[in-house]
Amino acid sequence: MDNLPPTPDRSNADTVVELHDAVAVLGQFPALAGASVTVRRGEIVLLRGPNGAGKTTLLRLCAGLVPLVRGSGHILGLNLATQRDSVRQNVGLLGHQNGLYFDLTVGENIEFWGSTVGATEAEINAAMERLGVAERLSDLSVRKLSAGQKRRTALACLVVRRAQLWLLDEPHAGLDAVARDELDVTLREAAASGATIIVASHELERAGSLSTRAVDVVAGQIHGGQL
Amino acid sequence: MSSWRIARIVAAKDLRIEVHSRVLTNQVLPFAGVTMVIFAFALDADSVLERVAPGLIWLATMFSLLVLVQRSFAIETDDGALDAMRVAGLDPRAIYLGKAMALAVELLVLEVVLLFTAIILYRQTIPLNGVVLLVTTLLTATCGLAAVGTLYGGLASGFKGRETLLPLLTLPAVAPVLIGATRAVESALGTAGAVVSDGWSWVGLLAVFAVTFGVGGSLAFGPLIDE
């Protein structure tokens, strides 16, 4: 825990995610059809479900990227319908893409995302060391990295942004066994320091041992989402 | 963090990517140079070239603008970085301003090179009393082009077929800059008997254009890049 920048407490809300009958559409298709879920601070929640069940849409809804069409939703006490910009400032999303700049080095990418939240050099270095992308990898162009190294760099960017709610879509994808273990340690530390984490994953055994609770997403609805 | 600071961070990031990738120096400048040479071949008569040189400078600038804008947004969409900036809650106005600033710097470099190319290829001379008008024209036209290019680049980045959509959107919109900047540079260079005093009204038009698109673009950019 020494290396991980603390998650700043920007909200007193104990309930971090609260969705009631939330509906979100992709084009004309209702990707979420009346989803209800509650997530408390410090939880690591695993989203299970088949492809196309609505897991990614749920994460994007919580990130403020997909509009809430019907129902109600609050993230850290902020209304998803009316305060999406404020929601975004407190949320970190790692989706299928990594959000990196290929022509910058690993260090420059992390420095860029850190500078957008005023992170200090010590915090940036700590995030890089935590994800194992300091030293040798730091000066390497992202274009030259393996898929796993890119994923680790993206996670370091997430760590340095100090988001309160982490939304991770298949975070273990492309990582080798050592990197997966390191990622799990990082996520547990983040949760212990106050972050709340929602993970969508098909690797149920690994993600299941990591999570404090699992919910099932089936055909745009959530089973077991309420505490 | 203030929007101005975010804008500077985004601009510095874009320019750093350019320094690493050298797209401007290795691709755009040669492209613009070849365009100028081809114009010289097509309009072989010296008297015609001297008459139309200011217009050719700006035509080459417009074509090169399209390449620069494509590149500016390709780096954002290659790995979902624009999405990541949205999720991070960065002020869209700051993103717009930062990207426009970086684009303006690149355009200025391009224009200066094209001006010197015109002096060599098209036998242009810059009278001393036209220097201030010339510099002012370059600056105001560049601001206008950067404002339009960034706005439409952001809009097109969300669409399939953006490579063909961008020229369709941008070229008609920058027509006033092409006309105004050509007339102002003609006045600055004394082309075909034009006098310096005639050019300032065109600079006024360029300034109005830059302010209009700068303000409009900063307001529209957020909704345009959103879902």
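**Exercise 1.** How do the axes of helix 2 and helix 5 of chain B cross, and which residues meet?

*Solution.* Take the axes, lines fitted to C-alpha atoms over the stretch in contact, with angles from 0 to 180 degrees between N-to-C directions. Helices are DSSP runs (H or I, at least four residues), numbered from the N terminus. The axes of helix 2 (residues 23-42) and helix 5 (residues 92-121) of chain B come within 10 Å and cross at roughly 35 degrees. The model is predicted: local features need pLDDT of at least 70, side-chain atom pairs count only at pLDDT 80 or more, and totals for chains, interfaces and linings use all residues. Residues are numbered from 1 along each chain as its sequence is written, and chains are lettered from A and ligands numbered from 1 in the order in which they are written.

Next, list contacts (C-beta atoms, placed from the backbone, within 7 Å). Helix 2 of chain B contributes residues including B:Leu24, B:Val28 and B:Ala40. Helix 5 of chain B contributes residues including B:Glu106, B:Val109 and B:Leu121.

**Exercise 2.** Check the span of helix 8 of chain B.

*Solution.* The expected span is 1.5 Å times one less than the number of residues. For the 15 residues of helix 8 (residues 175-189) of chain B, that gives 21 Å. The end C-alpha atoms are 21 Å apart, which agrees. B:Gly190 follows, with a positive phi near 70 degrees.

**Exercise 3.** What do the buried residues of helix 8 of chain B pack against?

*Solution.* Count a residue as buried if 20 or more other C-beta atoms, placed from the backbone, lie within 10 Å of its own. In helix 8 of chain B, 11 of the 15 residues qualify, so the helix is largely enclosed by the rest of the structure. Their partners are helix 3 (46-77), helix 6 (131-156) and helix 9 (196-225) of chain B.

Terms used. Helix = DSSP H or I, 4+ residues; strand = E, 2+ residues; numbered from the N terminus. Buried ≥ 20, exposed ≤ 12 C-beta atoms within 10 Å, placed from the backbone. Contact = placed C-beta atoms within 7 Å.
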